[in-house]
Amino acid sequence: NALLAQLDTYRLHGVNAVSISLQGGEALSHDPFSASGNSLAPAYMARLISVVEALDVRSMVAIVGMFSPDVTDVSLTDWDAAEAALSVVTKALRPYRNVILNTADKQDSLNHQGKAWARVRSPAEIQHLAQIMRRLDPDRLVGGGGTDYAANLELGTLPNVDVLLFSGGDLAKVAQDLKAAGVAKPMLCVELYGSWTGQYLPPGVFPDAVKQRYFDDLETALSTGALSVFFYSAPWLEGPSVGAFPIRFDLGGQGTEADPGIRWYFDRLRARR
């Protein structure tokens, strides 16, 4: 409900997508699937559909992530169960055309090791999962990627992987190198800075130099064809991951101690778009 209440504000500021992880993330995580992967907890599915539908009426996109490297209480038992879970979600979202399915958050992360879906660390397996989703929903957009440069290059040229969802790095250089290597598909940087943002506390307070870095990367995304970027600040958006702070969906204020928040970034986005 807190997220839904902010969607009109997001849209007003030029935001056209939000990223959703079915298993949560570093701050709060949970595996909502049954052990076999043949069902998803009804409350989770209802919540997912409510967000997707709310985005749809605003002409906004949901990037729906399947598997998270940060989930700790894993229910799925093995790779077959992971494939079954993927099929359940793909079928459930078939009526909704404003969804890009993300096979795995940061697919190259070492934290995927030891989990039922550990094989997502291989680009070939991302392609395999994309083929499963494509068979179930031929027109579905499917994405994948992570932080590993070589893996992103490979995923950027594989069929059935429609969108490269990469993380981190020097945004301008990464985008330039990927395009130079022949990656012609849309590129989304789903987590620009990662844990780097956790040092700027209290939540919503940003030094001017840090704001400028965000602005520079925003300009890179706006000026580079087929490149999109998601805003990320761990203290504001994933408060429990860096301390006893709440998760915030609102934009707040201008990033100062007297007026904390992330609105300063979205005001710039609104002006530029």
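Predicted model: local features only at pLDDT ≥ 70, side-chain atom pairs only at ≥ 80, totals over all residues.
L48 is placed in helix α2, which covers residues 42-56. A search of the whole structure finds 1 cavity of 30 Å³ or more.

- Leaving aside residues up to four places away in sequence, L48 touches I20, L22, V64 and L93.
- One of these contacts, L93, stands 45 residues from L48 along the chain, and the two C-alpha atoms are separated by 9.3 Å.

- N98 belongs to the loop that runs between α3 (79-92) and β3 (99-104).
- With 7% relative accessibility, N98 falls under the 20% limit and so counts as buried.
- A polar atom of the N98 side chain lies 3.1 Å from the backbone oxygen of M60.
- M60 is also among the residues that N98 touches; the others are V52, L55, D56, V61 and A62, with residues up to four places away in sequence not counted.

- Helix α4 comprises the 14 residues 123-136, and at 1.5 Å a residue it should span 20 Å.
- The buried residues of α4 are P123, E125, I126, Q127, L129, A130, I132, M133 and R134.
- These buried residues pack against the strands β2 (61-67), β3 and β4 (141-144), and against the helices α3 and α5 (149-155).
- As a general point, an α-helix has 3.6 residues a turn, so residues three or four places apart point the same way.

- N160 is located in the loop between α5 and β5 (163-167).
- Residues touched by N160 are Q127, A130, Q131, R134 and V142, when those up to four places away in sequence are not counted.
- Among them, R134 is joined to N160 by a side-chain polar contact of 3.1 Å, and R134 is itself one of the buried residues of α4.
- R140 lies 20 residues from N160 along the chain, with a C-alpha separation of 9.6 Å.

**N152 in helix α5**

- N152 lies in helix α5, one of the elements against which the buried residues of α4 pack.
- The relative accessibility of N152 is 4%, which is under 20%, so N152 counts as buried.
- N152 touches G145, G146, T147, L164, F166 and L178, again without residues up to four places away in sequence.

**Helix α9**

- In helix α9 (residues 263-272), the buried residues are W264, Y265, F266 and L269.
- The cover over these buried residues includes α7 and β7 (227-229).

**The cavity**

- The largest cavity holds about 40 Å³ of space.
- Its lining is made up of L192, Y193, Y214, D217, L218, V229, F230, F231, Y232 and Y265.
- Helix α7 (residues 208-223) gives the most to this lining, with 3 residues.
- By class, the lining residues divide into 9 nonpolar and 1 charged, with no polar residue.
- Y265 is a lining residue of the cavity and is also one of the buried residues of α9.

Technical notes: Residues numbered from 1 in each chain as written. Heavy atoms only, no water. 1 Å grid on protein atoms, 1.4 Å probe; cavity = no way out; pocket = protein on both sides within 12 Å on 5 of 7 lines; lining within 4 Å. Points joined across faces, edges and corners; volume = space filled by probe spheres on them. Helix = DSSP H or I, 4+ residues; strand = E, 2+ residues; numbered from the N terminus. Nonpolar A, V, L, I, M, F, W, Y, C, P; charged D, E, K, R; others polar. Buried < 20%, exposed > 50% of the residue type's maximum accessible area, 1.4 Å probe, protein only. Polar contact = N/O pair within 3.5 Å; in protein donor to acceptor, adjacent residues only side chain to side chain. Contact = heavy atoms within 4.5 Å. Expected span 1.5 Å × (residues − 1).
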